[in-house]
Amino acid sequence: METFNRVSDLRNWIQQRRSEGFTIGFIPTMGALHAGHLSLVEASIGNGDYTIVSIYVNPRQFNDPDDLQKYPRPIEEDIRLLVETGTSVLFLPDDNDIYPAGDSSSIDFDPGYVAEVMEGKFRQGHFKGMAEVVYRLLMIVQPDKLYMGQKDFQQLTIVRKLIHDFRLPVMLEMGQTVREPNGLAMSSRNVRLSEEARTKSAIIYSTLMESKRMFEEDDPIESIKEKALQALSLYEGFDPEYFEIVDGITFRDIQSRHDSQFVVALTAVKVEGIRLIDNMIWTRSE
Ligand code: AMP
């Protein structure tokens with residue numbers, strides 16, 4: 001695996017591969033890699049693409065300075081995992097490579113309603129910072145395919161709109177959420193949970209499953225949400241921020257399961273002060 005810190009070195013490498021006729025798959029990450037990230041790397045390699053992974057903890061998308069400061073950065077272990085998975089290139093920029101000195105500009109992009117609800121409401125400025133870094137990374141790497149996880153479903157929806165609005169020549173591929181054996185969605189932040197909280201956080205997945213069952217039995221949407229929020233606040237130290245059942249494209253609330261052919265349930269729960277998010281696609285007609 002090659003590691004590049006500078007944009008120009010990465011570009012030279014990409015240009016070389018392209019001139020040989022190869023395609024490029026790209027997985028942007030913030031590091032502290034786990035099986036969820038690696039499943040995206042594997043999908044890209046499986047598609048026969050040269051696979052570039054970036055690790056960059058983007059300060060502009062953190063609305064909480066404490067979260068930014070405490071974000072895990074086990075770079076040696078990350079490199080080991082990427083080599084083991086067969087990654088072609090690690091792009092490891094620093095702030096100045098992404099935001100050159102004196103460049104305080106930002107893209108003119110308004111995702112609209114899909115960025116105003118849920119994470120958009122609870123993490124002011126987060127999606128603006130996320131869209132900015134994804135745009136800048138896409139301009140640098142110019143991949144054929146961009147791989148992102150369903151785990152961050154709202155993020156993925158906003159990136160899809162970014163690609164659409166800016167007519168970016170890249171295909172977005174969604175990878176399924178990879179979970180711990182107890183159902184907890186893998187996340188770099190999970191390492192900050194106590195052992196007990198990590199075990200109890202299985203309640204997030206089981207609540208999504210139980211709510212799905214109620215949804216399939218046509219229980220009223222409001223009562224499903226209410227029961228879910230109750231279940232998610234059962235344990236001490238668990239503080240649910242939202243549990244929403246929406247149309248997976250518009251993110252508008254649905255009143256009954258017949259309102260949408262693409263229903264997604266999304267939730268965020270603060271556990272020991274750490275925000276955990278998860279979601280589940282409940283219906284999708286092709
Ligand atoms: P992050 O490092 O948290 O910015 O995540 C980088 C990419 O990995 C994003 O596209 C995430 O959606 C994806 N990802 C994170 N956790 C998981 C997971 N448990 N399963 C699948 N993809 C994930």
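This is a predicted model: local features need pLDDT of at least 70, side-chain atom pairs count only at pLDDT 80 or more; totals for chains, interfaces and linings use all residues.
Tyr235 counts as partly exposed because its relative accessibility is 30%, while Phe238, at 7%, counts as buried.

**Aromatic pairs**
- The count of aromatic pairs comes to eleven.
- One of them joins Phe215 and Trp282, whose ring centres are 4.9 Å apart; the pair is tilted because the planes meet at 40°.
- This pair links distant parts of the chain, with Phe215 in helix H10 (residues 202–216) and Trp282 in strand S9 (residues 274–284), 67 residues apart.
- Phe215 and Trp282 are both buried.
- Tyr235 and Phe238 also pair, here edge-to-face, with 5.3 Å from centre to centre and 65° between the planes.

**An aromatic cluster and charges over rings**
- Trp13, Phe22 and Tyr50 belong to one aromatic cluster.
- Over the ring of Tyr50 sits the charged end of Arg17, 5.6 Å from the ring centre.
- Phe215 has a charge over its ring too: the charged end of Arg257 lies 6.0 Å from the centre.

**Strand S2 and its neighbours**
- Strand S2 (residues 24–29) is largely enclosed by the rest of the structure, because five of its six residues are buried.
- S2 runs parallel to strand S3 (residues 50–55), and six bridges join the two.
- Together with helix H2 (residues 35–46), S2 and S3 make a right-handed β-α-β unit.
- S2 also pairs in the parallel sense with strand S5 (residues 145–149), over two bridges.
- Gly25 is a handy landmark to click on: Gly25 stands opposite Thr51 in S3 and opposite Lys145 in S5.

How values were computed
Residues are numbered from 1 along each chain as its sequence is written. Side-chain values use heavy atoms; hydrogens and water are left out. Buried means under 20% relative accessible area, exposed over 50%, partly exposed in between (1.4 Å probe, protein chains only). Helices (H or I, at least four residues) and strands (E, at least two) are DSSP runs, numbered from the N terminus. Two strands pair if DSSP finds at least two bridges between them. A crossover is right-handed if, with the strands pointing away from the viewer, the path from the first strand over the helix to the second runs clockwise. Rings of Phe, Tyr and Trp (its six-membered ring) pair if their centres lie within 6.5 Å; planes under 30 degrees apart count as stacked, over 60 as edge-to-face and the rest as tilted. A charge sits over a ring if NZ of Lys or CZ of Arg is within 6 Å of the ring centre and within 35 degrees of the ring normal.
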